[in-house]
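Visitor: I have a model open beside its sequence, and I would like to learn how to read its features one at a time. Could we start with how strands sit beside one another?

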Amino acid sequence: MKNEALTRQVYHLVKRLYDYGVREVVISPGSRSTPLAMASERHPELITYIHPDERSAAFFALGLIKATERPVAIICTSGTAASNFTPAITEAYISQLPLVVLTGDRPHELRNVGAPQAIDQVRMYSNFVKFDIDFPLADLYEAPHDLIEATMLQASHYFTGSDRGPVHFNVPFREPLIPDLTAVELLAPEPVITFEEERTVDLSSLSALFAAGNGVMVVGDCQHQKLDYVMEVAEQFKLPVLADVLSQLRGIEHPHLIRTADTLFKSQQTIRPDYIIRVGKPVVSKQLNQWLTKQLCPQILVQEKSEPDTFPVVPQYHFNMQPDAYFKSMLNLKVDVKNDLVVKFRQLDHLLSEVIESHVDTVTDEGTAVAKLLQQIPDDEVIFFGNSMPIRDGDTFMQRGRAYCNRGANGIDGVVSTALGMAAHQTVNLFIGDISMYHDMNGLIMHKLERSNIRVIVLNNDGGGIFSYLPQRKEEALFERLYGTPLGLDFSHVAALYDLEYKLADENMKLPEETHVLFEVRTDRNANYEAHQDLYLKAKAALNE
(Lines give C-alpha, C1' and ligand atoms only; values in the text may rest on other atoms or scores of the structure.)
Protein backbone atom coordinates (compact mmCIF):
# COMPACT_ATOMS: atom_id res chain seq x y z
CA MET A 1 0.00 0.00 0.00
CA LYS A 2 1.44 3.37 -1.05
CA ASN A 3 2.33 5.56 1.96
CA GLU A 4 0.66 3.05 4.23
CA ALA A 5 1.42 4.77 7.54
CA LEU A 6 0.32 8.19 6.28
CA THR A 7 -2.82 6.72 4.71
CA ARG A 8 -3.83 4.88 7.88
CA GLN A 9 -3.29 7.95 10.03
CA VAL A 10 -5.22 10.53 8.04
CA TYR A 11 -8.01 8.19 6.92
CA HIS A 12 -8.62 7.07 10.48
CA LEU A 13 -8.55 10.66 11.77
CA VAL A 14 -11.01 11.89 9.13
CA LYS A 15 -13.23 8.84 9.61
CA ARG A 16 -13.45 9.46 13.36
CA LEU A 17 -14.24 13.13 12.84
CA TYR A 18 -17.24 12.02 10.80
CA ASP A 19 -18.20 9.36 13.35
CA TYR A 20 -18.21 11.99 16.11
CA GLY A 21 -20.50 14.35 14.24
CA VAL A 22 -18.52 16.38 11.69
CA ARG A 23 -20.41 16.55 8.39
CA GLU A 24 -18.77 19.53 6.67
CA VAL A 25 -15.13 20.48 6.11
CA VAL A 26 -13.82 23.81 4.83
CA ILE A 27 -10.46 23.37 3.08
CA SER A 28 -8.00 26.15 2.32
CA PRO A 29 -5.64 24.72 -0.30
CA GLY A 30 -1.96 24.23 0.51
CA SER A 31 0.79 21.66 0.12
CA ARG A 32 1.57 20.53 3.66
CA SER A 33 -2.10 19.83 4.46
CA THR A 34 -2.46 17.61 1.37
CA PRO A 35 -3.04 14.35 3.32
CA LEU A 36 -5.88 15.89 5.38
CA ALA A 37 -7.48 17.56 2.37
CA MET A 38 -7.37 14.44 0.20
CA ALA A 39 -8.67 12.17 2.97
CA SER A 40 -11.58 14.56 3.55
CA GLU A 41 -12.33 14.76 -0.15
CA ARG A 42 -12.29 10.96 -0.46
CA HIS A 43 -14.74 10.45 2.40
CA PRO A 44 -18.04 9.43 0.77
CA GLU A 45 -20.30 11.35 3.18
CA LEU A 46 -18.39 14.50 4.06
CA ILE A 47 -19.37 17.76 2.34
CA THR A 48 -16.29 19.82 1.50
CA TYR A 49 -15.96 23.49 0.63
CA ILE A 50 -12.84 24.99 -0.95
CA HIS A 51 -12.00 28.47 0.32
CA PRO A 52 -8.64 30.06 -0.65
CA ASP A 53 -8.61 32.67 2.16
CA GLU A 54 -7.97 31.12 5.58
CA ARG A 55 -9.36 34.00 7.62
CA SER A 56 -12.64 34.07 5.71
CA ALA A 57 -12.73 30.26 5.48
CA ALA A 58 -12.75 29.89 9.25
CA PHE A 59 -15.58 32.42 9.62
CA PHE A 60 -17.50 30.62 6.85
CA ALA A 61 -17.23 27.49 8.99
CA LEU A 62 -18.73 29.38 11.94
CA GLY A 63 -21.75 30.15 9.77
CA LEU A 64 -22.10 26.46 8.93
CA ILE A 65 -22.04 25.66 12.66
CA LYS A 66 -24.67 28.30 13.42
CA ALA A 67 -26.94 26.88 10.71
CA THR A 68 -26.54 23.17 11.53
CA GLU A 69 -25.65 23.05 15.25
CA ARG A 70 -22.93 20.51 14.32
CA PRO A 71 -19.14 20.66 14.63
CA VAL A 72 -17.40 21.76 11.43
CA ALA A 73 -13.75 21.15 10.53
CA ILE A 74 -11.33 23.56 8.84
CA ILE A 75 -8.06 22.57 7.20
CA CYS A 76 -5.05 24.66 6.22
CA THR A 77 -1.37 24.31 5.46
CA SER A 78 1.54 25.33 7.67
CA GLY A 79 2.89 28.79 8.45
CA THR A 80 0.91 32.03 8.46
CA ALA A 81 -2.04 30.21 6.89
CA ALA A 82 -2.66 28.82 10.36
CA SER A 83 -2.27 32.29 11.91
CA ASN A 84 -5.14 33.55 9.77
CA PHE A 85 -7.52 31.15 11.52
CA THR A 86 -7.02 33.00 14.82
CA PRO A 87 -9.83 35.63 14.63
CA ALA A 88 -12.52 33.03 13.93
CA ILE A 89 -11.15 30.67 16.58
CA THR A 90 -11.37 33.53 19.07
CA GLU A 91 -15.01 34.14 18.12
CA ALA A 92 -15.74 30.40 18.34
CA TYR A 93 -14.24 30.19 21.81
CA ILE A 94 -16.29 33.02 23.27
CA SER A 95 -19.46 31.98 21.41
CA GLN A 96 -19.05 28.29 22.32
CA LEU A 97 -18.99 27.04 18.73
CA PRO A 98 -17.45 23.58 18.06
CA LEU A 99 -14.88 24.46 15.41
CA VAL A 100 -12.43 21.63 14.68
CA VAL A 101 -9.13 23.15 13.53
CA LEU A 102 -6.75 20.93 11.53
CA THR A 103 -3.41 22.53 10.69
CA GLY A 104 -0.84 20.75 8.56
CA ASP A 105 2.71 21.23 9.86
CA ARG A 106 6.34 20.61 8.94
CA PRO A 107 7.99 17.50 10.40
CA HIS A 108 9.93 18.03 13.62
CA GLU A 109 13.31 18.14 11.89
CA LEU A 110 12.21 21.23 9.92
CA ARG A 111 10.96 23.19 12.92
CA ASN A 112 12.95 26.11 14.33
CA VAL A 113 15.75 25.73 11.79
CA GLY A 114 14.76 28.37 9.25
CA ALA A 115 12.86 26.06 6.92
CA PRO A 116 10.36 27.86 4.63
CA GLN A 117 6.73 28.24 5.68
CA ALA A 118 7.47 26.92 9.15
CA ILE A 119 6.35 28.67 12.33
CA ASP A 120 5.76 27.36 15.85
CA GLN A 121 2.25 25.92 15.57
CA VAL A 122 2.26 23.88 18.76
CA ARG A 123 -0.44 25.26 21.06
CA MET A 124 -0.57 28.40 18.94
CA TYR A 125 -4.25 28.97 19.83
CA SER A 126 -3.89 27.93 23.46
CA ASN A 127 -5.82 30.93 24.84
CA PHE A 128 -8.82 30.23 22.61
CA VAL A 129 -9.29 26.46 22.31
CA LYS A 130 -10.72 23.91 24.71
CA PHE A 131 -8.32 21.16 23.64
CA ASP A 132 -5.20 20.90 21.50
CA ILE A 133 -2.68 18.27 20.48
CA ASP A 134 0.46 18.07 18.37
CA PHE A 135 0.25 14.69 16.64
CA PRO A 136 3.33 12.54 16.10
CA LEU A 137 4.49 11.78 12.59
CA ALA A 138 2.78 8.84 10.92
CA ASP A 139 4.43 5.45 11.24
CA LEU A 140 3.30 1.82 11.25
CA TYR A 141 3.29 1.44 15.03
CA GLU A 142 -0.19 0.77 16.47
CA ALA A 143 0.01 3.57 19.04
CA PRO A 144 -1.01 6.35 16.58
CA HIS A 145 -4.33 4.54 16.02
CA ASP A 146 -4.90 4.40 19.76
CA LEU A 147 -3.85 8.04 20.10
CA ILE A 148 -6.48 9.11 17.55
CA GLU A 149 -9.11 7.15 19.48
CA ALA A 150 -8.11 8.81 22.75
CA THR A 151 -7.88 12.23 21.12
CA MET A 152 -11.35 12.01 19.58
CA LEU A 153 -12.86 10.80 22.84
CA GLN A 154 -11.37 13.79 24.65
CA ALA A 155 -11.95 16.41 21.96
CA SER A 156 -15.54 15.36 21.22
CA HIS A 157 -16.46 16.32 24.77
CA TYR A 158 -16.30 19.90 23.49
CA PHE A 159 -18.61 19.31 20.51
CA THR A 160 -21.78 19.59 22.63
CA GLY A 161 -22.95 20.76 26.05
CA SER A 162 -21.84 23.47 28.44
CA ASP A 163 -18.15 23.23 27.45
CA ARG A 164 -18.71 23.53 23.70
CA GLY A 165 -15.89 25.23 21.88
CA PRO A 166 -13.04 24.94 19.35
CA VAL A 167 -10.34 22.25 19.38
CA HIS A 168 -7.00 22.19 17.56
CA PHE A 169 -5.24 19.22 15.93
CA ASN A 170 -1.76 20.13 14.68
CA VAL A 171 -0.67 17.35 12.31
CA PRO A 172 2.93 17.27 10.99
CA PHE A 173 3.69 15.42 7.76
CA ARG A 174 6.90 14.29 6.10
CA GLU A 175 7.06 14.01 2.33
CA PRO A 176 5.78 12.31 0.22
CA LEU A 177 2.39 13.79 1.13
CA ILE A 178 -0.11 11.88 -1.02
CA PRO A 179 -2.05 9.08 0.72
CA ASP A 180 -3.32 5.99 -1.06
CA LEU A 181 -6.46 7.34 -2.72
CA THR A 182 -7.85 3.85 -3.36
CA ALA A 183 -7.97 2.77 0.29
CA VAL A 184 -11.52 4.02 0.86
CA GLU A 185 -12.36 0.93 2.93
CA LEU A 186 -10.41 2.59 5.74
CA LEU A 187 -13.15 5.23 5.91
CA ALA A 188 -15.90 2.79 6.92
CA PRO A 189 -17.79 4.14 9.99
CA GLU A 190 -17.26 2.78 13.51
CA PRO A 191 -19.21 3.15 16.78
CA VAL A 192 -18.35 6.03 19.12
CA ILE A 193 -18.40 6.60 22.85
CA THR A 194 -20.93 9.28 23.76
CA PHE A 195 -21.26 11.52 26.80
CA GLU A 196 -24.63 11.54 28.54
CA GLU A 197 -25.36 14.31 31.00
CA GLU A 198 -28.48 14.28 33.14
CA ARG A 199 -29.38 17.74 34.38
CA THR A 200 -31.94 18.16 37.15
CA VAL A 201 -32.42 21.08 39.47
CA ASP A 202 -34.41 21.64 42.67
CA LEU A 203 -35.79 25.17 42.72
CA SER A 204 -37.84 24.84 45.88
CA SER A 205 -35.42 27.10 47.76
CA LEU A 206 -36.37 29.91 45.37
CA SER A 207 -40.14 29.51 45.84
CA ALA A 208 -40.32 32.31 48.39
CA LEU A 209 -38.41 34.63 46.07
CA PHE A 210 -40.75 33.86 43.18
CA ALA A 211 -43.82 34.24 45.42
CA ALA A 212 -42.71 37.76 46.34
CA GLY A 213 -43.69 38.68 42.81
CA ASN A 214 -42.51 41.56 40.63
CA GLY A 215 -39.92 39.53 38.78
CA VAL A 216 -38.44 40.35 35.39
CA MET A 217 -36.94 38.00 32.80
CA VAL A 218 -34.18 39.27 30.51
CA VAL A 219 -33.45 36.98 27.56
CA GLY A 220 -30.14 37.78 25.88
CA ASP A 221 -28.21 36.09 23.09
CA CYS A 222 -29.77 32.62 22.72
CA GLN A 223 -28.58 31.77 19.20
CA HIS A 224 -27.92 28.16 20.20
CA GLN A 225 -30.51 27.57 22.94
CA LYS A 226 -33.94 25.96 23.16
CA LEU A 227 -36.63 28.21 24.59
CA ASP A 228 -39.76 26.12 24.15
CA TYR A 229 -41.05 26.77 27.67
CA VAL A 230 -39.98 30.35 28.26
CA MET A 231 -43.33 32.00 27.52
CA GLU A 232 -45.21 29.35 29.49
CA VAL A 233 -43.09 30.28 32.50
CA ALA A 234 -43.69 33.95 31.77
CA GLU A 235 -47.44 33.36 31.99
CA GLN A 236 -47.36 31.20 35.11
CA PHE A 237 -45.08 33.58 37.00
CA LYS A 238 -46.51 36.75 35.42
CA LEU A 239 -43.11 37.85 34.14
CA PRO A 240 -42.41 40.51 31.53
CA VAL A 241 -39.86 39.08 29.09
CA LEU A 242 -37.34 41.65 27.85
CA ALA A 243 -36.27 40.07 24.57
CA ASP A 244 -32.89 40.98 23.09
CA VAL A 245 -32.53 41.13 19.30
CA LEU A 246 -30.59 37.81 19.47
CA SER A 247 -33.01 36.13 21.89
CA GLN A 248 -34.77 34.26 19.04
CA LEU A 249 -38.05 35.40 20.64
CA ARG A 250 -38.86 38.53 18.62
CA GLY A 251 -41.00 36.51 16.19
CA ILE A 252 -43.37 35.33 18.94
CA GLU A 253 -46.68 37.12 19.46
CA HIS A 254 -47.26 37.16 23.22
CA PRO A 255 -48.52 39.90 25.56
CA HIS A 256 -45.61 39.34 27.98
CA LEU A 257 -42.95 39.90 25.31
CA ILE A 258 -41.18 43.29 25.51
CA ARG A 259 -39.23 44.40 22.41
CA THR A 260 -38.40 48.01 23.35
CA ALA A 261 -36.13 47.58 26.38
CA ASP A 262 -33.22 49.49 24.84
CA THR A 263 -35.36 52.54 24.07
CA LEU A 264 -37.10 52.22 27.43
CA PHE A 265 -33.93 52.33 29.51
CA LYS A 266 -32.40 55.07 27.39
CA SER A 267 -35.22 57.11 28.89
CA GLN A 268 -33.78 56.48 32.39
CA GLN A 269 -36.68 54.49 33.81
CA THR A 270 -36.34 53.60 37.50
CA ILE A 271 -38.06 50.21 37.67
CA ARG A 272 -37.17 48.12 40.74
CA PRO A 273 -38.05 44.41 40.51
CA ASP A 274 -37.85 41.88 43.36
CA TYR A 275 -35.80 39.43 41.29
CA ILE A 276 -34.38 39.10 37.76
CA ILE A 277 -33.94 35.95 35.68
CA ARG A 278 -31.26 36.40 33.01
CA VAL A 279 -31.22 33.83 30.20
CA GLY A 280 -28.39 33.21 27.73
CA LYS A 281 -25.48 35.49 26.98
CA PRO A 282 -25.41 39.24 27.73
CA VAL A 283 -27.78 41.53 25.86
CA VAL A 284 -26.74 43.98 23.14
CA SER A 285 -28.28 47.03 24.81
CA LYS A 286 -25.82 49.13 26.80
CA GLN A 287 -28.71 50.85 28.55
CA LEU A 288 -30.31 47.59 29.66
CA ASN A 289 -26.95 46.35 30.94
CA GLN A 290 -26.49 49.56 32.90
CA TRP A 291 -29.94 49.11 34.43
CA LEU A 292 -29.05 45.56 35.47
CA THR A 293 -25.93 46.77 37.29
CA LYS A 294 -28.00 49.18 39.40
CA GLN A 295 -30.48 46.59 40.68
CA LEU A 296 -30.08 45.41 44.27
CA CYS A 297 -32.42 42.42 43.99
CA PRO A 298 -31.22 38.80 43.46
CA GLN A 299 -30.31 37.91 39.88
CA ILE A 300 -30.52 34.37 38.51
CA LEU A 301 -28.39 33.46 35.48
CA VAL A 302 -29.55 30.53 33.34
CA GLN A 303 -26.67 29.86 30.96
CA GLU A 304 -25.27 26.55 29.74
CA LYS A 305 -21.66 27.45 30.39
CA SER A 306 -19.29 26.03 33.01
CA GLU A 307 -17.60 29.43 33.32
CA PRO A 308 -20.58 31.81 33.36
CA ASP A 309 -20.61 35.29 31.90
CA THR A 310 -20.74 37.55 34.94
CA PHE A 311 -21.13 40.71 32.85
CA PRO A 312 -22.76 43.12 33.54
CA VAL A 313 -23.18 42.06 37.18
CA VAL A 314 -22.31 38.89 39.09
CA PRO A 315 -25.52 36.87 39.65
CA GLN A 316 -26.46 35.41 43.02
CA TYR A 317 -27.43 32.12 41.33
CA HIS A 318 -26.05 30.38 38.25
CA PHE A 319 -27.74 27.37 36.67
CA ASN A 320 -25.39 25.72 34.15
CA MET A 321 -28.00 24.08 31.95
CA GLN A 322 -30.17 24.47 28.88
CA PRO A 323 -32.95 27.02 29.53
CA ASP A 324 -35.63 24.43 28.70
CA ALA A 325 -34.47 22.16 31.52
CA TYR A 326 -34.48 25.06 33.97
CA PHE A 327 -37.92 26.29 32.90
CA LYS A 328 -39.40 22.79 33.18
CA SER A 329 -38.32 22.82 36.82
CA MET A 330 -39.90 26.24 37.35
CA LEU A 331 -43.19 25.00 35.91
CA ASN A 332 -43.27 22.27 38.56
CA LEU A 333 -43.30 24.85 41.36
CA LYS A 334 -46.71 25.68 42.82
CA VAL A 335 -46.36 29.34 43.70
CA ASP A 336 -49.06 31.98 44.15
CA VAL A 337 -47.58 34.85 42.16
CA LYS A 338 -48.54 38.50 42.20
CA ASN A 339 -46.67 40.67 39.73
CA ASP A 340 -47.65 44.22 38.90
CA LEU A 341 -44.59 44.81 36.70
CA VAL A 342 -45.91 42.83 33.74
CA VAL A 343 -48.79 45.29 33.36
CA LYS A 344 -46.45 48.28 33.68
CA PHE A 345 -43.98 46.91 31.11
CA ARG A 346 -46.79 46.11 28.67
CA GLN A 347 -48.09 49.67 28.90
CA LEU A 348 -44.62 51.14 28.39
CA ASP A 349 -43.84 48.75 25.51
CA HIS A 350 -47.11 49.65 23.75
CA LEU A 351 -46.43 53.37 24.13
CA LEU A 352 -42.84 53.11 22.88
CA SER A 353 -43.83 50.87 19.98
CA GLU A 354 -46.17 53.63 18.79
CA VAL A 355 -43.38 56.22 19.12
CA ILE A 356 -40.96 54.02 17.14
CA GLU A 357 -43.57 53.27 14.46
CA SER A 358 -44.29 56.97 14.00
CA HIS A 359 -40.56 57.70 13.85
CA VAL A 360 -40.05 55.08 11.13
CA ASP A 361 -42.91 56.54 9.11
CA THR A 362 -41.69 60.15 9.27
CA VAL A 363 -37.87 60.06 9.44
CA THR A 364 -35.38 58.94 6.80
CA ASP A 365 -32.04 57.70 8.13
CA GLU A 366 -30.03 54.49 8.43
CA GLY A 367 -32.01 53.20 11.42
CA THR A 368 -35.40 53.65 9.78
CA ALA A 369 -34.02 52.10 6.57
CA VAL A 370 -33.14 49.00 8.60
CA ALA A 371 -36.62 49.04 10.16
CA LYS A 372 -38.39 49.25 6.78
CA LEU A 373 -36.30 46.48 5.27
CA LEU A 374 -36.78 44.20 8.29
CA GLN A 375 -40.54 44.49 7.87
CA GLN A 376 -40.27 42.98 4.36
CA ILE A 377 -38.20 39.89 5.19
CA PRO A 378 -40.20 36.63 4.96
CA ASP A 379 -40.64 34.71 8.21
CA ASP A 380 -38.77 31.65 6.92
CA GLU A 381 -35.60 33.62 6.16
CA VAL A 382 -32.70 34.39 8.50
CA ILE A 383 -31.44 37.83 9.50
CA PHE A 384 -27.71 38.25 10.12
CA PHE A 385 -26.45 41.51 11.63
CA GLY A 386 -22.96 42.92 11.44
CA ASN A 387 -21.59 44.42 14.62
CA SER A 388 -21.38 48.16 15.34
CA MET A 389 -24.54 49.98 14.19
CA PRO A 390 -26.49 47.21 12.36
CA ILE A 391 -26.95 45.04 15.47
CA ARG A 392 -27.91 48.09 17.53
CA ASP A 393 -30.45 49.28 14.98
CA GLY A 394 -31.75 45.73 14.88
CA ASP A 395 -32.21 45.79 18.64
CA THR A 396 -34.18 49.04 18.39
CA PHE A 397 -36.31 48.29 15.34
CA MET A 398 -36.64 44.52 14.81
CA GLN A 399 -40.16 43.38 15.68
CA ARG A 400 -40.09 39.82 14.36
CA GLY A 401 -37.80 37.20 12.87
CA ARG A 402 -34.72 35.19 13.84
CA ALA A 403 -31.49 37.14 14.09
CA TYR A 404 -27.87 36.00 14.32
CA CYS A 405 -24.56 37.78 14.79
CA ASN A 406 -20.91 37.13 15.66
CA ARG A 407 -21.49 38.47 19.15
CA GLY A 408 -18.74 36.58 20.98
CA ALA A 409 -15.85 38.97 20.44
CA ASN A 410 -18.09 41.55 18.70
CA GLY A 411 -15.61 41.90 15.83
CA ILE A 412 -16.36 43.31 12.40
CA ASP A 413 -14.01 40.86 10.65
CA GLY A 414 -15.48 37.75 9.05
CA VAL A 415 -19.10 38.93 9.08
CA VAL A 416 -19.66 38.32 5.36
CA SER A 417 -18.17 34.83 5.57
CA THR A 418 -20.19 33.76 8.59
CA ALA A 419 -23.40 34.92 6.93
CA LEU A 420 -22.46 33.00 3.76
CA GLY A 421 -21.80 29.90 5.86
CA MET A 422 -25.35 30.10 7.16
CA ALA A 423 -26.56 30.77 3.62
CA ALA A 424 -25.26 27.36 2.58
CA HIS A 425 -28.30 25.96 4.42
CA GLN A 426 -30.96 28.71 4.38
CA THR A 427 -31.78 32.10 2.88
CA VAL A 428 -29.93 34.88 4.71
CA ASN A 429 -30.39 38.65 4.80
CA LEU A 430 -27.12 40.26 5.87
CA PHE A 431 -27.18 43.80 7.27
CA ILE A 432 -23.61 45.10 7.26
CA GLY A 433 -21.83 48.46 7.39
CA ASP A 434 -19.41 49.62 4.72
CA ILE A 435 -16.32 49.26 6.95
CA SER A 436 -17.29 45.70 7.95
CA MET A 437 -17.98 44.91 4.32
CA TYR A 438 -14.53 46.12 3.35
CA HIS A 439 -12.98 43.93 6.07
CA ASP A 440 -14.35 40.73 4.56
CA MET A 441 -14.98 41.38 0.86
CA ASN A 442 -12.77 38.34 0.19
CA GLY A 443 -15.45 36.24 1.82
CA LEU A 444 -17.80 36.88 -1.10
CA ILE A 445 -15.82 34.37 -3.14
CA MET A 446 -18.01 31.69 -1.55
CA HIS A 447 -21.05 33.23 -3.20
CA LYS A 448 -19.31 33.07 -6.56
CA LEU A 449 -18.33 29.42 -5.95
CA GLU A 450 -21.44 28.14 -4.12
CA ARG A 451 -24.23 30.52 -5.24
CA SER A 452 -25.66 30.74 -1.72
CA ASN A 453 -29.05 32.38 -1.23
CA ILE A 454 -28.17 35.71 0.33
CA ARG A 455 -29.09 39.38 0.19
CA VAL A 456 -26.12 41.51 1.19
CA ILE A 457 -27.56 44.80 2.46
CA VAL A 458 -24.69 47.28 2.73
CA LEU A 459 -25.45 50.27 4.97
CA ASN A 460 -22.98 52.71 3.48
CA ASN A 461 -22.48 55.83 5.60
CA ASP A 462 -18.92 56.17 4.25
CA GLY A 463 -17.12 55.43 7.48
CA GLY A 464 -17.33 54.19 11.03
CA GLY A 465 -20.78 55.36 12.05
CA ILE A 466 -20.64 53.77 15.51
CA PHE A 467 -17.96 56.25 16.62
CA SER A 468 -20.39 59.14 16.19
CA TYR A 469 -22.08 57.97 19.40
CA LEU A 470 -18.89 58.11 21.47
CA PRO A 471 -17.21 61.09 23.20
CA GLN A 472 -14.54 61.13 20.47
CA ARG A 473 -17.14 62.84 18.26
CA LYS A 474 -16.45 66.13 20.05
CA GLU A 475 -12.78 66.17 18.96
CA GLU A 476 -13.56 67.57 15.54
CA ALA A 477 -9.94 68.21 14.54
CA LEU A 478 -9.08 64.50 14.91
CA PHE A 479 -12.38 62.68 14.63
CA GLU A 480 -12.82 62.25 10.90
CA ARG A 481 -9.26 61.03 10.23
CA LEU A 482 -8.95 58.69 13.22
CA TYR A 483 -12.54 57.45 13.63
CA GLY A 484 -14.74 58.56 10.74
CA THR A 485 -12.38 56.85 8.26
CA PRO A 486 -14.32 57.47 5.03
CA LEU A 487 -13.40 54.93 2.33
CA GLY A 488 -15.34 56.22 -0.68
CA LEU A 489 -16.01 52.71 -2.02
CA ASP A 490 -18.25 51.98 -4.99
CA PHE A 491 -19.91 48.68 -4.11
CA SER A 492 -21.28 48.14 -7.59
CA HIS A 493 -17.78 46.98 -8.56
CA VAL A 494 -17.74 44.55 -5.62
CA ALA A 495 -21.04 43.06 -6.76
CA ALA A 496 -19.77 42.59 -10.30
CA LEU A 497 -16.57 40.93 -9.13
CA TYR A 498 -18.42 38.24 -7.15
CA ASP A 499 -21.44 37.61 -9.45
CA LEU A 500 -23.97 39.48 -7.32
CA GLU A 501 -26.68 41.63 -8.87
CA TYR A 502 -26.29 45.23 -7.71
CA LYS A 503 -29.16 47.47 -6.67
CA LEU A 504 -29.09 50.92 -5.09
CA ALA A 505 -31.87 51.79 -2.65
CA ASP A 506 -34.16 54.71 -3.36
CA GLU A 507 -36.64 56.52 -1.10
CA ASN A 508 -39.12 53.59 -1.33
CA MET A 509 -36.65 51.26 0.44
CA LYS A 510 -38.04 48.21 -1.35
CA LEU A 511 -36.26 44.99 -0.44
CA PRO A 512 -35.29 43.03 -3.59
CA GLU A 513 -37.37 39.88 -3.97
CA GLU A 514 -34.50 37.95 -5.53
CA THR A 515 -31.45 36.69 -3.65
CA HIS A 516 -27.87 36.77 -5.02
CA VAL A 517 -28.01 40.55 -4.71
CA LEU A 518 -25.95 43.32 -3.14
CA PHE A 519 -28.37 46.05 -2.05
CA GLU A 520 -26.65 49.30 -1.13
CA VAL A 521 -28.30 51.83 1.18
CA ARG A 522 -26.43 55.14 1.20
CA THR A 523 -26.86 57.29 4.30
CA ASP A 524 -25.26 60.26 6.03
CA ARG A 525 -23.45 59.67 9.33
CA ASN A 526 -24.34 63.03 10.86
CA ALA A 527 -27.98 62.74 9.85
CA ASN A 528 -28.08 59.21 11.30
CA TYR A 529 -26.76 60.46 14.62
CA GLU A 530 -29.27 63.31 14.80
CA ALA A 531 -32.16 60.97 13.92
CA HIS A 532 -31.22 58.55 16.69
CA GLN A 533 -31.06 61.37 19.22
CA ASP A 534 -34.43 62.59 17.98
CA LEU A 535 -35.99 59.16 18.59
CA TYR A 536 -34.73 59.00 22.16
CA LEU A 537 -36.05 62.50 22.90
CA LYS A 538 -39.45 61.52 21.49
CA ALA A 539 -39.47 58.37 23.63
CA LYS A 540 -38.49 60.23 26.78
CA ALA A 541 -41.15 62.87 26.18
CA ALA A 542 -43.84 60.24 25.63
CA LEU A 543 -42.92 58.41 28.82
CA ASN A 544 -42.99 61.60 30.86
CA GLU A 545 -46.41 62.76 29.67
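Visitor: In which sense do strand β10 and β11 pair, and over how many bridges?

Guide: Keep in mind that this is a predicted model. Two strands count as paired if at least two bridges are found between them. Here strand β10, residues 275-279, and β11 pair in the parallel sense over four bridges, and one place to look is Ile277, whose bridge partner in β11 is Ile300.

Visitor: Are the two faces of strand β11 covered or open?

Guide: For this one asks whether the residues on each side are buried, that is, under 20% relative accessible area. In β11, residues 299-302, Gln299 and Leu301 lie on one side and Ile300 and Val302 on the other, and all of these are buried, with both faces covered.

Visitor: How many residues of strand β16 are buried, and which way do they point?

Guide: Seven of the seven residues of β16, residues 454-460, are buried, so this strand is largely enclosed by the rest of the structure. Ile454, Val456, Val458 and Asn460 point one way, whereas Arg455, Ile457 and Leu459 point the other way.

Visitor: Which strands pair with β16?

Guide: Strand β15, residues 428-433, runs parallel to β16 and is joined to it by six bridges, with Leu430 having Val456 as its bridge partner in β16. Strand β18, residues 517-522, also pairs with β16 in the parallel sense over six bridges, and there the bridge partner of Ile457 is Phe519.

Visitor: How should I read burial in a helix, and what is the case for α15?

Guide: An α-helix has 3.6 residues a turn, so residues three or four places apart point the same way. In helix α15, residues 415-423, nine of the nine residues are buried, so the helix is largely enclosed by the rest of the structure; among them are Val415, Ser417, Leu420, Gly421 and Met422.

Visitor: Stepping back to the whole chain, how do its dimensions and contacts read?

Guide: With 545 residues, a compact globule would have a radius of gyration near 24 Å, and the chain has 25 Å, which agrees. The C-alpha trace spans about 85 × 60 × 40 Å along its principal axes, and the secondary structure comes to 20 helices and 18 strands. Of the 545 residues, 58% count as buried. Among contacts with a separation of 6 or more, 74% come from residues 24 or more positions apart.

How values were computed
Residues numbered from 1 in each chain as written. Predicted model: local features only at pLDDT ≥ 70, side-chain atom pairs only at ≥ 80, totals over all residues. Heavy atoms only, no water. Rg over C-alpha atoms; globule rule 2.2 N^0.38 Å. Buried < 20%, exposed > 50% of the residue type's maximum accessible area, 1.4 Å probe, protein only. Contact = heavy atoms within 4.5 Å.
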